[in-house]
Amino acid sequence: MIRKAVLPVAGFGTRCLPASKAIPKEMITIVDRPVIQYVVEEAIAAGIREIVLVTSSHKSAIENHFDTNAELEDSLEAKGKHELLAMLRNLVPDDVSIISVRQGKPLGLGHAVLCARPVIGDDEPFAVLLPDVLVDNSANQTSDLIGMLEAFDQHKTAQLMVEAVAWENVVKYGIVAPSGQAPAPGESAELVGMVEKPTREAAPSNLAVIGRYALPGNIFSILESTAPGAGGEIQLTDALETLREQSGVQAYCMQGATYDCGHPMGYLEATLAYARRHSEFGEAFQALLSRYHQGV
């Protein structure tokens, strides 16, 4: 099974301005923790034990969040705040390592993934998780990330996690073209192509790529030789199309829900969804929603 994951966190987060001007978008809070912590917890729960953050000079807050803060811990211990102290010390299990590498220039998602090559190596498969997308499997028996990694292990073929979106929204996403019928939730299907933000008429399906990938190590050599594409950047989609032609790529259809926290409306929806079922604040939050709904 895949045990390594890459989280590209070097972008400016312009869709979240002005909130992301001084704070990384990945550190914006959903209820009681930053977005990226949810994604790291998702990876750890799926068996990932080595996480590579592809970061930049203005994202040190992310590295600090997962690092030890001895002064803060000493203060909590002196004040007898043992529950908070335990929570901080358990952010990352002892058997999980988080490593940071720098992307010197914002040259695209493909380039960001390529920056992790010295840590990941060319001989092992790995996952890529976009940290501004939350995958919510609270209503499912297992997580979609676990399902996708199991599909990779079973088929030995790259996997792209996809979800069905409204046909009028296909223009907002990368859309995949299955070779036959669309895969059922929790299943994978071979792809015959991918289209970036097609019109409704040109879309081969309504299955959108949502920011979770399981990839073989040889994607690095493909990325290395991939010419700049849209926006003059090295696009992961272009490298995936080359990989598809060489050895095939499959789409894994997710069962849960996604929230694009890189967009204000996605962030607000995630806040509602996660706050309503929060173990500590959920009941009070539900009451608060009822008050606003009634205009009180």
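# Chatting through a predicted model

Biologist: Hi! Let's start with H1. Which residues are buried in H1?

Modeller: In this predicted model, the buried residues of H1 are Val35, Ile36, Gln37, Tyr38, Val39, Val40, Glu42, Ala43 and Ile44.

Biologist: And how enclosed is helix H1 by the rest of the structure?

Modeller: Largely enclosed, because nine of the 11 residues of helix H1, which spans residues 35–45, are buried.

Biologist: Which residue has a positive phi although it is not a glycine?

Modeller: Val31 is one of them, with a phi of about 65°. Val31 sits in the loop that joins strand S2 (29–30) to strand S3 (33–34). Its relative accessible area is 29%, so Val31 counts as partly exposed.

Biologist: What about Lys156, what is its phi near?

Modeller: Phi of Lys156 is near 55°, which is again positive in a residue other than glycine. You'll find Lys156 in the loop between helix H7 (144–155) and strand S8 (158–164).

Biologist: Does Lys156 count as buried or exposed?

Modeller: Exposed, because its relative accessibility is 60%.

Biologist: Before we go on, what pLDDT does the protein chain average?

Modeller: The average for the protein chain is 92, and 99% of the residues score at least 70.

Biologist: Which element has the lowest mean pLDDT, and which the highest?

Modeller: Among the elements of the protein chain, helix H11 (residues 282–293) has the lowest mean, at 90, while strand S6 (residues 126–129) has the highest, at 98.

Biologist: New topic: helix packing. At what angle do the axes of helix H3 and helix H4 cross?

Modeller: The crossing angle is roughly 155°, and the axes of helix H3 (residues 70–78) and helix H4 (residues 82–89) come within 8 Å. Angles over 145 degrees count as roughly antiparallel, so H3 is roughly antiparallel to H4. H3 passes H4 in a left-handed crossing.

Biologist: Which residues of H3 and H4 make the contact?

Modeller: On the H3 side they are Leu72, Glu73, Leu76 and Glu77, and on the H4 side His82, Leu84, Leu85, Leu88 and Arg89. By class, this contact of H3 with H4 has five nonpolar residues, one polar and three charged.

Biologist: I'm curious about Glu73. Is it buried or exposed at 12% relative accessibility?

Modeller: Glu73 counts as buried, because 12% falls under the 20% cut-off.

Biologist: What does Glu73 touch, not counting residues up to four places away in sequence?

Modeller: With those set aside, Glu73 touches Thr68, Leu85 and Arg89. Glu73 and Leu84 are 11 residues apart in sequence, with their C-alpha atoms 8.9 Å apart in space.

Biologist: Back to H11. At what angle do H10 and H11 pack?

Modeller: At about 125°, and the axes of H11 and helix H10 (residues 264–276) are 8 Å apart. H10 and H11 are therefore oblique to each other.

Biologist: Who makes the contact between H10 and H11?

Modeller: Leu272, Ala275 and Arg276 come from H10, and Gly282, Phe285, Gln286 and Leu289 come from H11. That contact of H10 with H11 has four nonpolar residues, two polar and one charged.

Biologist: What does Tyr267 touch, not counting residues up to four places away in sequence?

Modeller: Tyr267, which lies in helix H10, touches Ile28, Thr29, Ile30, Asp260 and Cys261 on that count. Tyr267 and Thr29 are 238 residues apart in sequence, yet 9.1 Å apart in space, C-alpha to C-alpha. The relative accessible area of Tyr267 is 25%, so Tyr267 is partly exposed.

Biologist: Last one: where is Ala5 found?

Modeller: Ala5 is in strand S1 (residues 4–8), and at 0% relative accessibility Ala5 counts as buried. Leaving aside neighbours within four places in sequence, Ala5 is in contact with Ile48, Glu50, Ile51, Val52, Ala127 and Leu129.

Biologist: How far apart in space are Ala5 and Ile219?

Modeller: 14 Å, C-alpha to C-alpha, with 214 residues separating Ala5 and Ile219 in sequence.

Technical notes:
Residues numbered from 1 in each chain as written. Predicted model: local features only at pLDDT ≥ 70, side-chain atom pairs only at ≥ 80, totals over all residues. Heavy atoms only, no water. pLDDT = per-residue confidence, 0-100. Helix = DSSP H or I, 4+ residues; strand = E, 2+ residues; numbered from the N terminus. Axes fitted to C-alpha atoms, helices over the stretch in contact; angles between N-to-C directions. Parallel < 35°, antiparallel > 145°, perpendicular 65-115°, else oblique. Left-handed = near helix turned anticlockwise from the far one by under 90°. Contact = heavy atoms within 4.5 Å. Nonpolar A, V, L, I, M, F, W, Y, C, P; charged D, E, K, R; others polar. Buried < 20%, exposed > 50% of the residue type's maximum accessible area, 1.4 Å probe, protein only.
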